[in-house]
Amino acid sequence: MATSRRHAYCSQATILCHFVLLWLVCGLGWSFAVPRNFASSLQNALDTLGKKGESSESGRGLREEEGGPALSVGVAAAQYEVLKVYDHDASAFTQGLGWYQGKLYESTGMQGQSEVRIIDLETGEVLKRQQLPSYVFGEGMVIHEGIVHQITWHHKQGYAWNATTLEPTHSFQFETTNGEGWGITSDGTHLIASDGSSNLHFWDPVTYKTTRKVPVTLRGQPVARLNELEYVKGRVLANVWFSDEILAIDPLSGRVVEVLDFAALYPRAQRAHELTSHEAVLNGIAYDAQEDVLYLTGKLWPRLYKVRLL
Ligand SMILES: *[C@@H]1O[C@H](CO)[C@@H](O)[C@H](O)[C@H]1NC(C)=O
């Protein structure tokens, strides 16, 4: 996201970045001799910093029983399998991902670069695209009843297009707790929006008024920085800004019922070698209900992953 947006959250991210830089500087020369050791020790260091002591095995993470006690470290279950890897536009600052009638939909951010796109999954070709006004910063999008709804970060302004043609249908005003727009999905009845806080906002899909607001909690504590959302089989899946975890949220209670750990999907050590921006974090969840698969990517990531939850 824009750097200005994130000042409130900068300290943790800045510490992490400095740590990564230190590791890179200290480790590079040495890494020519022992690249694998360097990569894995960098990964371990990042894991220790980023994972708060939780398990970080490939495709594994913690599952919290409904109503049960929090699980302890080491109690892990396989959570997903990667079915296929596709190319993704590494210049796309991914803010939203969707799936509709066999095609991938993506919304992007940054002022002057905010768009909504229909993409051919296999080739990565952009089949249709629409630009947002250059003064807004695009955020998440959802397809609801044949209409693409995209929100923006600071302008409380949303845009809607016919999902088939991408012809503009209308624009709309919206409200959230803090006035920002981050992620959006639909449970089929309501639009559900995040604003970077721990709240989910349920909107009437016609008036865009908030009809219900649910604070999201993990083991009793609020979880902030909820970002891109996707409604999957009665749960709201949420990217958490700057995290490799996707939360599965019960939309009625707001309780996080599962923490999906995607640290191994595109490991940070590999990202550190391939990408230049520290903003290039996991963000973007689409769900194909027919195949029961997720498509996952990140901001500026060169790859997009087809994943099945286990
Ligand atoms: C989108 O456009 C197509 C082609 O004009 C039209 O048939 C369809 O009804 C439109 N969808 C909606 C939701 O308005």
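Predicted model: local features only at pLDDT ≥ 70, side-chain atom pairs only at ≥ 80, totals over all residues.
Gly158 counts as buried, because 24 C-beta neighbours lie inside 10 Å of its own position and 20 or more are required for that class. Among contacts between residues at least 6 apart in sequence, 47% join residues at least 24 apart.

**Gly158 and its surroundings**

- Gly158 has its place in strand S10.
- Leaving aside neighbours within four places in sequence, Gly158 is in contact with several residues, including His149, Gln150, Ile151 and Thr152.
- Ser171, Phe172, Phe174 and Tyr208 are also among the contacts of Gly158, with neighbours within four places in sequence again left aside.
- The C-alpha atom of Gly158 is separated by 9.4 Å from that of Met141, a residue 17 places away along the chain.

**The sheet that contains S10**

- Strand S10 belongs to an open sheet of four strands, in the order S8-S9-S10-S11, with antiparallel pairing.
- Strand S8 (138-144) and strand S11 (168-173) are the edge strands, each of which pairs on one side only.
- Neighbouring strands of this sheet are turned against each other by 20 degrees on average, direction ignored.
- Within the sheet, strand S9 (residues 147-152) and strand S10 (residues 157-162) run antiparallel and are joined by five bridges.
- Gln150 has Tyr159 as its bridge partner in S10.
- Lys156 has its place in the loop between S9 and S10.
- Lys156 is partly exposed, because 16 other C-beta atoms lie within 10 Å, a count between the limits of 12 for exposed and 20 for buried.

**The ligand shell**

- The residues around the ligand are Gly146, Ile147, Asn162, Thr164 and Thr165.
- By class, this shell has one nonpolar residue, four polar residues and no charged residues.

**A second open sheet of four strands**

- Another open sheet of four strands has the order S3-S24-S23-S22, and its pairing is antiparallel.
- Its edge strands, each pairing on one side only, are strand S3 (80-87) and strand S22 (282-288).
- From one strand to the next, the twist averages 25 degrees.
- Strand S23 (residues 293-298) pairs with strand S24 (residues 303-309) in the antiparallel sense over three bridges.
- Leu294 has Val307 as its bridge partner in S24.
- Leu300 lies in the loop between S23 and S24.
- Leu300 counts as buried, because it has 21 C-beta neighbours inside 10 Å and the threshold is 20 or more.

**Hairpins**

- Strand S5 (residues 103-108) and strand S6 (residues 115-119) run antiparallel and are joined by four bridges.
- In S6, Ile119 is the bridge partner of Leu104.
- The hairpin of S5 and S6 has six residues between the strands.
- S6 is also joined by five bridges to strand S7 (residues 126-131), and these two strands run antiparallel.
- Glu115 has Gln131 as its bridge partner in S7.
- S6 and S7 form a hairpin with six residues between them.
- S18 and strand S19 (residues 235-240) pair in the antiparallel sense over five bridges, and they form a hairpin with two residues between them.
- In S19, Val236 is the bridge partner of Tyr231.

**Positive phi values**

- Most residues other than glycine have a negative phi.
- Lys156 is a residue other than glycine with a positive phi, near 55 degrees.
- Leu300 likewise is not a glycine, and its positive phi is about 65 degrees.
- Met110, in the hairpin of S5 and S6, takes a positive phi near 80 degrees.
- Lys233, in the turn between S18 and S19, has a positive phi of about 45 degrees.
- Gly124, in the turn between S6 and S7, has a positive phi of about 80 degrees.

**Buried strand and nonpolar core**

- Strand S18 (residues 226-232) is largely enclosed by the rest of the structure, because six of its seven residues are buried.
- The largest nonpolar core has 66 residues, of which Ala238 and Leu247 touch the most other members.
- Leaving aside neighbours within four places in sequence, Leu247 is in contact with Val223, Ala238, Val240, Val256 and Val259.

Notes
Residues numbered from 1 in each chain as written. Pairing = 2+ DSSP bridges. Near = placed C-beta within 6 Å. Nonpolar A, V, L, I, M, F, W, Y, C, P; charged D, E, K, R; others polar. Axes fitted to C-alpha atoms, helices over the stretch in contact; angles between N-to-C directions. Contact = placed C-beta atoms within 7 Å. Core = buried A, V, L, I, M, F, W, Y, C linked by C-beta atoms within 7 Å.
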